[in-house]
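This report describes one protein model. Please look at the sequence and the structure before reading on.

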Amino acid sequence: MSPTPTFTQEPNLPLSKLDDDNRTNPARVLRRFRVVFNAVRAHFQAIEKQAGLGGSQVWALNVVRDHPGIGVGALAKSMDIHQSTASNLVKLLLRKELISMGKASVDRRQVELQILPAGLAILSQVPGPFEGILPGALHQLPPASLLRLDHDLGELIALLKADENAAGIPLADL
């Protein structure tokens with residue numbers, strides 16, 4: 001078995017120029033994770049700078065705008081987050097007076113969320129995608145690539161012995 005190669009290249013070279021000859025090098029894959037995470041982080045930082053709200057809050061505002069009368073459970077499902085996370089987002093948006101919450105007319109136990117003018121004003125300042133750039137990129141991958149990626153990430157998660165409950169936390173909140 002040959003030793004892991006060392007890297008003498010300059011760190012600011014494009015990823016495609018680093019270690020092209022060894023696609024099984026863990027350092028190469030780690031660099032790819034860094035590129036993905038940095039792209040996601042940069043997107044949400046730009047949103048926060050423009051809107052003054054975190055990325056998940058802006059995403060929730062967008063869902064409420066696009067689905068007037070949505071409930072907290074449906075918001076959680078739409079964002080693929082835990083209901084308690086959605087509830088916390090709703091509380092924050094209510095406190096900032098960006099959305100309103102009222103009782104549903106059909107079932108008084110249910111609540112309906114509506115975006116307020118201040119929330120619309122914030123959304124008008126922020127470029128999309130509101131849910132982040134990673135979900136959009138994943139939707140563009142061919143099904144076979146998604147299947148491979150899902151399988152391979154499953155293996156990585158198992159090796160990390162990672163808490164799979166973290167799957168319900170929006171990337172914007174990490």
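## Overall layout

The model is predicted. The protein contains 7 helices and 2 strands, and from the N terminus on its elements follow the order α-α-α-α-β-β-α-α-α.

Of the 174 residues in the protein, 28% are buried. Among contacts with a separation of 6 or more, 49% join residues 24 or more positions apart.

## Helix H1

Asn25 caps the N-terminal end of H1, with a side-chain oxygen 2.8 Å from the backbone nitrogen of Ala27. After H1 comes Gly52, which has a positive phi, near 75°.

The buried residues of H1 are Arg28, Arg31, Val40, His43, Phe44, Ile47 and Ala51. Their cover includes H2, H5 and helix H6 (133–140).

## The largest nonpolar core

The largest nonpolar core has 29 residues, and Val58, Leu61, Leu75, Met79 and Leu113 touch the most other members. At least two residues each come from H1 (26–51), H2 (55–66), H3 (72–79), H4 (83–95), strand E2 (111–115) and H5 (117–125). H2 gives the largest share, 6 residues.

Leaving aside residues up to four places away in sequence, Leu75 touches Ala60, Val63, Val64, Ile70, Ala86, Val90 and Leu113.

How values were computed
Residues are numbered from 1 along each chain as its sequence is written. This is a predicted model: local features need pLDDT of at least 70, side-chain atom pairs count only at pLDDT 80 or more; totals for chains, interfaces and linings use all residues. Side-chain values use heavy atoms; hydrogens and water are left out. A nonpolar core is a set of buried Ala, Val, Leu, Ile, Met, Phe, Trp, Tyr and Cys residues joined through side-chain atoms within 4.5 Å. Buried means under 20% relative accessible area, exposed over 50%, partly exposed in between (1.4 Å probe, protein chains only). Helices (H or I, at least four residues) and strands (E, at least two) are DSSP runs, numbered from the N terminus. Contact means heavy atoms within 4.5 Å. A polar contact is a pair of N or O atoms within 3.5 Å; within protein, one must be able to donate a hydrogen and the other to accept it, and residues adjacent in sequence count only if both atoms are side-chain atoms.
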